[in-house]
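Welcome, and thanks for taking a look at this one with me.

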Amino acid sequence: STLNGSVYNALPSDLKAVIKTAYKWYGTGNSSNNGKWSGHKLWLPLTFEMFGESSYSPATERTTGNARQYPIFTDNASRIKKMNNGGGSASYYWLASPYASHSDFFCYVHDDGSSYAGNASYSNGVAFGLCV
């Protein structure tokens, strides 16, 4: 709700005018019955969209919905995000995927661009996606 509320509202009006709603299946566990479709203007990527595969995220990311690996994310270097508009140090950032084997963990991208999972209380950043 924060991404599609205050963050979206802070974007320039010319950008908001071309952003389209993306409909995605977000899993809430390790079963195809645990999840739901939802539409968002801004969204966090799934582990499968970033890596094409992951031992951390639920199988529903690969078997339900329309998830696919985005072609821009080809290796760890392409997933690294840096603070201060790209001029700072690399930082961890959250993904939308729950960790399939732990009830209070989520998946994230490590500062070296690799896939990890950690406790939801960690203070990682976010790198949201959008469709135009």
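This is a predicted model: local features need pLDDT of at least 70, side-chain atom pairs count only at pLDDT 80 or more; totals for chains, interfaces and linings use all residues.

1. Four strands form an open sheet in the order β8-β7-β6-β9, and their pairing is mixed. The edges are taken by β8 (115–119) and β9 (125–126); each has a single partner strand, so one side of each has no neighbour in the sheet.

2. Next, look at how β6 and β7 are joined. Strand β6 (residues 93–98) runs antiparallel to strand β7 (residues 105–109), and 3 bridges link them.

3. Now to threonine 47, which belongs to helix α3 (residues 47–51). Is threonine 47 buried or exposed? Its relative accessible area is 0%, and because buried means under 20%, threonine 47 counts as buried.

4. What surrounds threonine 47? Beyond its neighbours within four places in sequence, its contacts include Gly52, Ser54, Ser57 and Glu61, as well as Leu95, Ser97, Cys107 and Ser115. Take leucine 95: 48 residues separate it from threonine 47 in sequence, yet their C-alpha atoms are 6.2 Å apart in space.

5. Finally, visit the surface. Val18, Phe128, Leu130 and Val132 make a nonpolar patch of about 320 Å². Within this group, phenylalanine 128 sits in the loop between β9 and β10 (129–130), and its relative accessibility of 31% makes it partly exposed.

Methods: Residues are numbered from 1 along each chain as its sequence is written. Side-chain values use heavy atoms; hydrogens and water are left out. Two strands pair if DSSP finds at least two bridges between them. Helices (H or I, at least four residues) and strands (E, at least two) are DSSP runs, numbered from the N terminus. Patches are made of residues with over 30% relative accessible area and no salt bridge: like charges are joined within 9 Å, nonpolar side chains (Val, Leu, Ile, Met, Phe, Trp, Tyr) within 5 Å. Accessible areas come from the Shrake-Rupley method with a 1.4 Å probe; for residues, only the protein chains shown count as cover. A salt bridge is a side-chain nitrogen of Lys or Arg within 4 Å of a carboxyl oxygen of Asp or Glu. Buried means under 20% relative accessible area, exposed over 50%, partly exposed in between (1.4 Å probe, protein chains only). Contact means heavy atoms within 4.5 Å.
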